[in-house]
Amino acid sequence: MNDIIQTITVYAIPVIFAITLHEAAHGYVARMFGDPTAYEAGRISLNPARHIDPIGTLLVPALILLTSKLMGGAGLLFGWAKPVPVDFGRLRRPKKDMLWVALAGPAANLFMALAWAIALRIYIQNGTTEGFWVEMSMAGINVNLALMALNLLPVPPLDGGRIVYSLLPHRAAYQYGKLEPYGLVIVLVLLATGVLWVVLGPLLALGRAVVGWFLFL
């Protein structure tokens with residue numbers, strides 16, 4: 001039980017900030033490109049309380065982590081925050097600007113992974129190679145890289161799907177957008193068949209390479 005409580009404590013802050021700042025980044029970039037919807041709703045904020053979904057940000061990640069630990073797994077995490085409202089029709093160039101709004105979330109996760117890596121490097125340089133803060137820094141790296149890779153999956157309504165939509169010609173984008181109601185089902189099927197981690201492997205490897213450069217520079 002103590003081991004489970006310690007694991008939850010280590011992961012709590014990285015998970016909350018990874019999920020909530022991901023959403024805040026979407027709203028911030030949307031405002032830059034002409035859509036103030038998130039700003040008007042008070043969602044462009046570094047305060048996690050404005051973004052936390054009690055189920056998606058707290059309950060689901062905790063249950064997945066507990067179940068994985070009890071079964072002897074590595075503790076894979078999945079969760080979500082309250083989606084930031086974005087009205088793509090209010091963007092100055094809706095289809096083109098959608099690309100940058102979608103990229104903002106994964107970019108925020110990569111930035112946070114690098115921040116945790118820098119913190120870990122400082123601990124190591126000061127002779128601290130284990131302990132609570134080292135474990136939290138490692139958790140922050142892993143959680144953010146996993147969320148970045150997952151959200152870059154080219155399945156709407158994930159960010160990767162929005163990116164693909166913005167890059168396709170109008171007719172192809174319209175047809176591609178019809179997949180959105182089935183996006184969650186597609187992700188669950190990929191997860192159940194083991195294909196998901198094969199697809200995400202290159203993205204995770206790239207993220208780890210970038211983080212490793214900052215960590216060992």
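User: Why does L147 count as buried?

Analyst: Happy to start there! Buried means under 20% relative accessible area, exposed means over 50% and partly exposed lies in between, using a 1.4 Å probe and protein chains only. L147 has 10% relative accessibility, so it counts as buried. One point on the background: this is a predicted model, in which local features need pLDDT of at least 70 and side-chain atom pairs count only at pLDDT 80 or more, while totals for chains, interfaces and linings use all residues. Residues are numbered from 1 along each chain as its sequence is written, and side-chain values use heavy atoms, with hydrogens and water left out.

User: Where is L147 found, and what is it in contact with beyond its sequence neighbours?

Analyst: L147 is found in helix α5, residues 132-151. Helices here are DSSP runs of H or I with at least four residues, strands are runs of E with at least two, and both are numbered from the N terminus. Contact means heavy atoms within 4.5 Å. Setting aside neighbours within four places in sequence, L147 is in contact with A18, I19 and N109. Y11 is 136 residues from L147 along the chain, and their C-alpha atoms are separated by 14 Å.

User: N144 is found in helix α5 too. Is N144 buried or exposed, and how do you know?

Analyst: N144 has 0% relative accessibility and therefore counts as buried.

User: On to helix pairs. What makes α4 and α6 roughly antiparallel?

Analyst: Two packed helices are described by the angle between their axes and the distance between the axes. Axes are lines fitted to C-alpha atoms, for helices over the stretch in contact, and angles run from 0 to 180 degrees between N-to-C directions. Angles under 35 degrees count as roughly parallel, over 145 as roughly antiparallel, 65 to 115 as roughly perpendicular and the rest as oblique. The axes of α4 (residues 94-125) and α6 (residues 159-167) come within 8 Å and cross at roughly 155°. α4 and α6 are therefore roughly antiparallel to each other. The contact is made by K95, M98, L99, A102, L103, G105 and P106 of α4 with D159, R162, I163, Y165, S166 and L167 of α6.

User: How do you class the residues of that contact of α4 with α6?

Analyst: Ala, Val, Leu, Ile, Met, Phe, Trp, Tyr, Cys and Pro count as nonpolar, Asp, Glu, Lys and Arg as charged, and the others, Gly among them, as polar. The contact of α4 with α6 divides into 8 nonpolar, 2 polar and 3 charged residues.

User: Why are α8 and α9 called roughly perpendicular?

Analyst: The axes of α8 (residues 183-193) and α9 (residues 195-216) come within 5 Å and cross at roughly 95°, and α8 and α9 are therefore roughly perpendicular to each other. The contact is made by L190, L191 and T193 of α8 and V195, L196 and W197 of α9. By class, these residues divide into 5 nonpolar, 1 polar and no charged.

User: And why does the pair α5 and α9 count as oblique?

Analyst: α5 and α9 pack at an angle of about 130°, with their axes 9 Å apart. α5 and α9 are therefore oblique to each other. Among the residues making the contact are I141 and L145 of α5, and L196 and L200 of α9. The contact of α5 with α9 has 11 nonpolar, 1 polar and 1 charged residues.

User: Last one: what is the omega of the cis peptide bond that joins P156 and P157?

Analyst: Omega is about 10° for the cis bond joining P156 and P157. P157 is found in the loop between α5 and α6. For comparison, most peptide bonds are trans.
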